[in-house]
Amino acid sequence: MDHISGPDHSTLPTSQTSQTRTLSRRKLLAGAAGGVAVVAAGQPAWAADATRPGAVRGPALAVRDRQVVTGIRPSRALADLRVLSERIGPRIGGTASERAAAEFALTSLRSAGARDVRLEPFAVADKFLADIGDPDGQLPDDICWQAGASPDAGLDAAPVTGRVVDVTGATAPAWPTDAAALTGAVVLADDAQHADAATRVNLRAAFVLEAQRRGAAAVVLLPADLVYPRRASATSPRLVPTTGTTPPPWTPVATIPVLGVAQVQKRLLREELSVRPLRLTIGTTSHRGLTSNNVLADIPGRAGAGGPLVYISAHYDSVIGAPGANDDGSGTVLTLELARVIHRMPRTDATVRLALWGSEEQGLIGSRHHVAQLPQAERDRILGVFQNDMVGTSWSPATRYWQLSFSGTGNATTDQVTAAAQRLGYDPQLSPVTQRGASDHQSFQEVGIASANFSWRGEETPALLEPPYHSPEDTIEKNISMDRLTVSMELIGCAAYALAR
């Protein structure tokens with residue numbers, strides 16, 4: 001890989017959370033034949049005037065467009081993505097893994113030549129995580145085996161290892177007739193089902209306490225399957241009902257660990273258990289008193305400190321159990337690579353601000369914190385915010401590049417991306433400006449700042465997201481197209497530079 005203008009990846013510490021398995025070399029190499037295109041070290045993905053994959057015609061590039069597209073190095077972006085999604089893995093807001101990703105981004109931005117590289121801290125809620133170990137090496141090692149842990153059950157004790165016993169369902173469990181069958185076992189069960197949320201939690205708690213009484217060492221709750229292409233994510237299951245909008249206190253209900261796994265983990269566990277006995281090692285960790293961070297850096301413009309601002313942004317955290325290769329490792333590495341490219345180009349009038357938001361997955365917390373502390377005079381300087389969230393999926397139906405606006409109307413960012421798509425030959429793949437929030441562009445548009453989210457999604461609707469979304473399968477091998485990621489870098493690089501000029 002080409003690390004020109006990039007950080008020394010070899011010195012990056014592995015995440016202290018240890019919730020993700022290292023992919024085997026066999027699996028990594030297989031990526032070249034799957035979703036990950038082979039990219040030549042130090043070279044652009046294609047000739048500047050070549051027709052891009054999926055485009056309907058060749059480009060008609062302006063001089064500055066040509067400088068952007070010839071400066072992009074997909075190999076650097078891929079190397080960055082390997083650090084984020086494989087070396088660090090799930091980057092849960094406020095935990096050591098998210099902080100490791102923030103430190104990596106800081107080093108990258110400094111190496112790119114950006115100025116005023118800084119962290120912007122803010123408090124976030126406690127997190128409760130679990131690690132599923134496979135002592136006999138039976139389970140696939142090409143997905144993440146992090147899960148959620150219940151805050152109302154056993155936490156922070158030494159890991160427990162036990163044979164797996166499937167009792168089918170927590171609502172009506174099929175308990176073994178042998179009274180000793182569950183002693184020291186890891187109990188598997190479909191999570192409790194009930195239309196009323198409080199009743200569902202109470203049924204779950206009753207099941208866990210009965211499993212504990214029968215001698216179980218841990219309980220693994222399995223989610224209900226969602227309708228394709230959606231798949232259920234891992235959760236930290238509650239054993240105490242929530243009242244109103246305030247979560248209940250972390251009250252120990254059980255002393256054994258209780259996990260909430262993702263749908264793909266459920267499938268793999270039951271498939272393995274159907275053919276031979278299985279043992280698991282379960283560990284849980286509580287993370288309390290947490291601070292998350294936004295990562296910010298500037299490429300100063302000619303207009304100086306009081307001049308206009310153009311943001312290129314993404315969020316760098318991920319959900320429990322997801323390595324976050326596409327969501328949003330792809331947007332993160334786009335931002336880092338464009339920092340390298342734009343720093344080397346002729347200076348723009350506006351300052352280009354690189355922004356990576358923390359804790360987006362918990363409710364846009366990082367970007368909302370950033371916007372809330374901006375004085376009105378600072379808000380007025382912002383010409384546009386290009387938010388990049390999920391810009392590299394390899395899912396075949398994700399053929400449309402969506403322009404998503406919280407207000408449903410266009411602005412300076414969508415205008416520039418539309419123009420860049422026309423110059424690059426991609427305008428037929430571009431959606432019209434479509435109303436949708438649920439990413440960090442919303443935080444800016446809520447206060448009247450021009451912003452939009454840009455993302456590869458299914459043709460029919462922006463709600464049509466790839467099956468690995470928010471799942472342990474959001475890996476480079478299973479969910480990244482370097483072609484789509486590179487096109488995204490070109491579109492945003494050309495558009496943002498044009499707006500900043």
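The model is predicted, with local features needing pLDDT of at least 70, side-chain atom pairs counting only at pLDDT 80 or more, and totals for chains, interfaces and linings using all residues. Residues are numbered from 1 along each chain as its sequence is written, and side-chain values use heavy atoms, with hydrogens and water left out.

Helices (H or I, at least four residues) and strands (E, at least two) are DSSP runs, numbered from the N terminus. Strand E11 spans residues 351–357, and seven of its seven residues are buried. Buried means under 20% relative accessible area, exposed means over 50%, and partly exposed lies in between, using a 1.4 Å probe and protein chains only. In a regular strand the side chains alternate between the two faces of the sheet. In E11, Thr351, Arg353, Ala355 and Trp357 point one way, while Val352, Leu354 and Leu356 point the other way.

Two strands pair if DSSP finds at least two bridges between them. E11 pairs with strand E9 (residues 290–299) in the antiparallel sense over five bridges, and Val352 in E11 is the bridge partner of Ile299. Strand E10 (residues 309–315) runs parallel to E11 and is joined to E11 by seven bridges. There, Tyr311 has Arg353 of E11 as its bridge partner. Between E10 and E11 the chain passes through helix H7 (residues 325–343), and this β-α-β crossover is right-handed. Right-handed here means that, with the strands pointing away from the viewer, the path from the first strand over the helix to the second runs clockwise.

**The largest pocket**

A pocket is an open set of points on a 1 Å grid over the protein atoms alone, where a 1.4 Å probe fits, with protein on both sides within 12 Å along at least five of seven lines; lining residues have an atom within 4 Å of a point. The largest pocket holds about 810 Å³ of space, a volume being the space filled by probe spheres set on the points, which are joined across faces, edges and corners. Its lining has 35 residues, and Ala234, Thr235, Ser236, Pro237 and Ile320 lie nearest the centre. Helix H5 (197–213) gives the most to this lining, with four residues.

**Salt bridges**

Side chains of opposite charge can pair when their charged atoms come close. A salt bridge is a side-chain nitrogen of Lys or Arg within 4 Å of a carboxyl oxygen of Asp or Glu.

| Pair | Closest N and O atoms |
|---|---|
| Glu210 and Arg213 | 2.7 Å |
| Arg231 and Glu473 | 2.5 Å |
| Arg381 and Glu378 | 2.8 Å |

Glu210 and Arg213 both lie in H5, three residues apart, about one turn of the helix. Glu210 counts as partly exposed at 22% relative accessibility, whereas Arg213 is exposed at 60%.

Arg231 and Glu473 form a salt bridge. Arg231 lies in the loop between strands E6 and E7 (258–260) and Glu473 in the loop between strand E15 (451–457) and helix H12 (476–479), so the pair ties together parts that are 242 residues apart in sequence. Arg231 is partly exposed, at 25% relative accessible area, and Glu473 is buried, at 10%.

Arg381 is buried with a relative accessible area of 15%, and Glu378 is buried with 17%.
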